[in-house]
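Please look at the sequence and the model below, and then read the short report that follows.

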Amino acid sequence: MKFTSIQEAMNKGSGKVSMRGWVHRERGSNKLKFIVLRDSSNIIQCVVKKDKFSEEKYAEADKLQVEASLEIHGTIKEDKRAPTGYEVEVDDFQIVGACDSFPIKADQNREFMDDNRHLTLRTRRMTAIMKIRSTYVQARDEFYRKKGFFRFDAPILQPSQSEGGSTLFEVKYYDKKTYLSQSWQLYAESAIFALEKIYDMGPTFRAEKSKTSRHLSEFWMAEMEAAWWDLHQVSEFAKEEIRYCIKKVVEERSDDLKTLEQDPEKLRKVVEKDWPTIKYRDALQMLKEKDKMEVEFGKDLRTIEEEKLAKHYDTPVVVTHYPVVAMAFYKPRDQDFPEEALCFDMLSPTGVEIVGGSQRSLDIEDMKERLVEAGEDPSSLEWYFDLRRYGSVPHSGYGVGIERVLTWICGLDSVKDAIPFPRTPLRYKP
Ligand code: 4AD
Ligand code: MG
């Protein structure tokens with residue numbers, strides 16, 4: 001018995017087909033039972049006619065409820081009235097897994113939906129998001145292979161911080177303690193001496209105390225690091241990477257974008273435009289002149305300021321040269337403007353930081369001083385300083401928050417829907 005996917009059956013368009021999937025919708029009368037069958041590829045309307053089956057068999061079909069799984073054999077034909085333009089007249093069917101009253105119904109509250117994430121994943125909405133996520137990530141892999149990068153994996157259990165001790169998750173490690181990775185970067189910096197151009201994507205952990213629509217406690221960061229590259233090169237490359245991936249999503253997942261009420265054409269236009277780069281100082285100026293917002297030099301941009309700034313663009317915007325005092329210890333000083341760091345963030349058109357990156361400092365003493373100022377212990381990073389002692393080279397890299405990019409391109413209210421099983425201060429189940 002050869003089963004085809006629903007999409008393959010519709011591509012065939014006529015004749016005998018065998019498909020398997022789940023009941024997406026059902027309705028019946030005393031003569032007919034309509035079943036909208038769903039699989040990972042699409043949905044299709046199937047009709048069970050009473051006069052073709054024994055009483056018992058028809059009763060089985062009549063009792064079928066939403067989310068029961070079954071195999072269907074029948075004849076497919078075009079039907080303009082059907083939801084996806086085709087209908088299957090059922091010759092035979094077998095119920096594989098019965099389903100009594102599926103708990104997920106329309107208009108349930110957020111909390112209930114999240115408590116039942118293991119079931120809500122099969123909704124059309126979550127399916128569309130997961131497909132877009134898959135396409136995006138696969139496109140990224142393709143991009144890096146084409147560019148001749150090696151994939152390099154770093155440990156998840158790490159002995160110290162990289163992005164500040166206050167957001168570390170502590171893990172018992174036999175009779176000692178370690179922390180869950182905040183970033184792949186410091187390990188990547190040791191690997192560029194062997195591989196030069198590397199990338200990865202992995203689970204990343206931040207004990208973010210604040211509950212916002214842009215922070216997860218566990219998220220997937222897509223990072224890269226390259227020997228010899230400077231800030232300009234790396235920030236332009238970040239634009240190229242993200243455009244490449246979004247272009248693929250537009251090409252391959254336009255139906256899924258539409259399911260999420262996103263216009264693929266609008267995204268295509270964003271990809272085709274130039275994405276500007278401005279300096280933090282210019283951003284402050286713009287906020288002052290256009291938005292009457294005074295931000296003192298030295299402060300990181302807050303959500304409200306990022307949102308205001310992004311409103312002046314219809315594409316992502318790269319902001320460089322943030323103040324050293326507000327930045328991680330490894331972001332180097334600009335030689336000409338020592339208060340400014342050779343670093344960048346990329347903001348989405350919705351005003352959310354989607355990428356953070358920089359050139360890497362080569363100045364051991366400056367890094368140590370800044371760590372001490374931030375209340376960190378530089379001695380735990382002696383291995384990292386070694387990288388500056390033995391054949392050091394200029395290098396740069398960045399990290400993309402995958403869920404944040406998806407939140408933007410899928411038009412989601414919260415980063416929580418861009419990951420199948422979100423982890424936040426208030427949620428670690430199911
Ligand atoms: O700006 P961040 O903290 O940069 C780093 O960790 C660098 N070590 C990366 C590198 O240079 N290799 O994080 C990078 C990106 C942010 O721009 C944001 O998109 C995302 O990771 N991110 C989060 N996404 C969801 N929830 C959180 N709590 C996030 N924290 C950061
Ligand atoms: Mg950042």
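Alanine 328 is buried, since its relative accessible area is 19%, where buried means under 20%, exposed means over 50% and partly exposed lies in between, with a 1.4 Å probe and protein chains only. Alanine 328 sits in the loop between β13 (317-320) and β14 (343-347), and although 30 residues separate alanine 328 from serine 358 in sequence, the two are 10.0 Å apart in space, C-alpha to C-alpha.

This is a predicted model, in which local features need pLDDT of at least 70 and side-chain atom pairs count only at pLDDT 80 or more, while totals for chains, interfaces and linings use all residues. Residues are numbered from 1 along each chain as its sequence is written, chains are lettered from A and ligands numbered from 1 in the order in which they are written, and side-chain values use heavy atoms, with hydrogens and water left out.

Two residues can be set side by side.

| Residue | Relative accessible area | Class |
|---|---|---|
| Alanine 328 | 19% | buried |
| Glutamate 369 | 48% | partly exposed |

Glutamate 369 belongs to helix α12 (residues 364-373); helices (H or I, at least four residues) and strands (E, at least two) are DSSP runs, numbered from the N terminus.

For the chain as a whole, there are 14 helices and 16 strands, and buried residues make up 52% of its 430 residues. The C-alpha trace spans about 85 × 55 × 40 Å along its principal axes. The domain assignment gives domain 1 (6-97) and domain 2 (114-418), with bounds that come from an automatic or database assignment, and the centres of domain 1 and domain 2, taken over C-alpha atoms, are 46 Å apart.
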